[in-house]
Amino acid sequence: MIRFVVRRLLVTILMLFLVALTVFMLGHLTGDPVRLMVPDTATEEDIATLRQTLGLDRPLPIQFGDFLIHAVQGDLGSSLRYRQPALTLVIERMPATAELSLAAMLIALVVAIPAGLISARKRGSWADALTSVISVVGQSMPAFWIGIMLIIIFAVQLRLLPATGRGETFSLVLPAITLGLWPMARIARVLRSSMLEVMHEDYVRTAYAKGLADKTVLVRHQMRNALIPVVTVTALTFGSILGGTVITESVFAWPGVGRLALEAIYNRDFPLMQATVLVVASIFVVINFILDLLYVWLDPRIRLR
Amino acid sequence: MTVRNDALPARIIGSRRGGAIRFPLQRLLASPAVLLSFGAIAVVVIAAIGAHVLAPYDPLAQNLDERLGPPLWAGGDAAHVLGTDQLGRDVLSRLMYGARVSLVIGFMAVLVSGVLGIGIGIVSGFYGGLTDEVLMRLGDLRLALPFVLLVISVIAVFGPSLTNIVVVLGLTGWVAYARVVRAEVLSMREREFIIAARAIGATNLRLMFRHILPNVVASGIVIGSLELANVIVLEASLSFLGLGVQPPTPSWGNMLGEARDYLISNFWLATLPGIAISLTAISVNLVGDWLRDVLDPHLKM
């Protein structure tokens, strides 16, 4: 077990390093990050000065080393627009994004797990058909449109819920549903098919044969195995949720990291953009590490592979 | 989608050789959802290809006297069946030209990522070892980066344009193909026909192109058809955020983005492009599911 944890930990650190490299390279893809930051009216002299101030006239590997050392110390540079440390800005916005993503994931799981279980166990029923329809539709409809439709129906027409912003009671409801619909669809679909697979396994028949109650077989034998692929999708969709916050937060004017990233892009605030991508990607990598450990707890066979 | 297939007896799904042609056709006719999807896709394709002939108006022609006209059924006039936008442009015409943008970007991006992904999958599975390790870790890295955020930051760096969107979506979408193809190649590598081909002196390149590639193309097509829906939605999202297709060129995404300011005065403006995107994506997904059942019932996505 310890060997497994150490190995996963090393992989996680390698991933974090590669994430940092990718984020660093983002700015150098076009060759000159300075040109991304300045307005079109800047003179050559301005550009040269800024380049020197930011240390961008040095060789790339040295710049990356510098970037990495600073990043490890929690220094991701300063936002050009807000003139504040980029990391501080990202951290300030983090609670809003965390609140939104967790609420979305919660909604997704609360709906998807019963839906997946029921549709697998009562295959061909209307509940099954409904789950299938909703999961295709939920996976196909763009989140930003769902968000806008929810605003039209619940905020503009019915005046039931606040359309945008954060802080009012219930202002979390619409954005969380919007963001949660996609993972909901995926998780329900995966759970249904993995349940169907597990239901016909020998060990399930044995469990029934030795007289276990239906509920015990379901919880101890079927779900424990059927949930493994669900953990995988949950982990993967969590990444897309974190990315999806960019769109959802933009639709609902939710003051989170996603909107910060978008603002940074619109304002050509490159250090801030780098910081948001780096922080979000690192969180995702760490979540994946935790979920890897969760797998092993769920299914000790995985450790041996 | 899966209801239908699971409802079929296992022997039908299992018998690929015997009924490869008859059963899918039967299944197609037996499934109204798939038929409807094909119909919807046909409508979108015809609208896209024939936009310059079929569209009633120039999608860019403004008429400020007729701004924000509602669709016909909501009290609008028959000249603009789906109404007009904030600049008095005909919504129907813009939707038709928008279909062109969505389909072109969708197909091109899927083509790029499909070719790249299948190539990487074959190389990775065929050579194994360090090559495999490096390529698959690259795939993990791509999956570890929040996708939408990654794409918009790359677009922000390079600037939004049709080519850039295709390149970015194409270059980032390869992992799904590579993983599936790699797994297939791994199981194929030790099969008799590969060993036999090797024994008569086929080079690695020949093995990969002539013997392995034809056997993984089916999976590639299935993944591609499902990815197409994702790419269409993703392009719409980018354009919605102002990082995709730039106005005045109409795309479903930027039409929706512009309509955001008129949710109270004319909500149809935001509703119609969304319906277009959703119906297209749902249809493509259903057809993709159907294709998977026909071509490769055992494919795990």
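This is a predicted model: local features need pLDDT of at least 70, side-chain atom pairs count only at pLDDT 80 or more; totals for chains, interfaces and linings use all residues.
**View 1. Chain A is built from helices, with zero strands.**

**View 2. Inside chain A, we look at burial and contacts.** Of the 305 residues in chain A, 39% are buried. Among the contacts in chain A with a separation of 6 or more, 72% join residues 24 or more positions apart.

**View 3. Chain B meets chain A.** Here, 40 residues of chain B touch 47 residues of chain A. On the chain B side, two or more residues come from each of helix H1 (2-7), helix H7 (129-144), helix H8 (147-158), helix H12 (204-240) and helix H14 (268-295). Which helix gives the most? That is H8(B), with 10 residues. Sorted by class, this side of chain B has 31 nonpolar, six polar and three charged residues.

**View 4. Two helices of chain B pack against each other: H6 (residues 91-127) and H9 (residues 162-172).** A pair of packed helices is described by the angle and the distance between their axes. Here the angle is about 35° and the axes are 7 Å apart. H6(B) passes H9(B) in a right-handed crossing. Look for B:Ile105, B:Met108 and B:Val112 among the contact residues of H6(B), and for B:Leu162, B:Ile165 and B:Leu169 among those of H9(B). Altogether, the contact has 10 nonpolar residues, two polar ones and no charged ones.

Note on methods
Residues are numbered from 1 along each chain as its sequence is written. Chains are lettered from A and ligands numbered from 1 in the order in which they are written. Helices (H or I, at least four residues) and strands (E, at least two) are DSSP runs, numbered from the N terminus. A residue is buried if 20 or more other C-beta atoms lie within 10 Å of its own, exposed if 12 or fewer, and partly exposed in between; C-beta atoms are placed from the backbone. Two residues are in contact if their C-beta atoms, placed from the backbone, lie within 7 Å. Ala, Val, Leu, Ile, Met, Phe, Trp, Tyr, Cys and Pro count as nonpolar, Asp, Glu, Lys and Arg as charged, and the others, Gly among them, as polar. Axes are lines fitted to C-alpha atoms, for helices over the stretch in contact, and angles run from 0 to 180 degrees between N-to-C directions. A crossing is left-handed if the near helix is turned anticlockwise from the far one by less than a right angle, and right-handed if clockwise.
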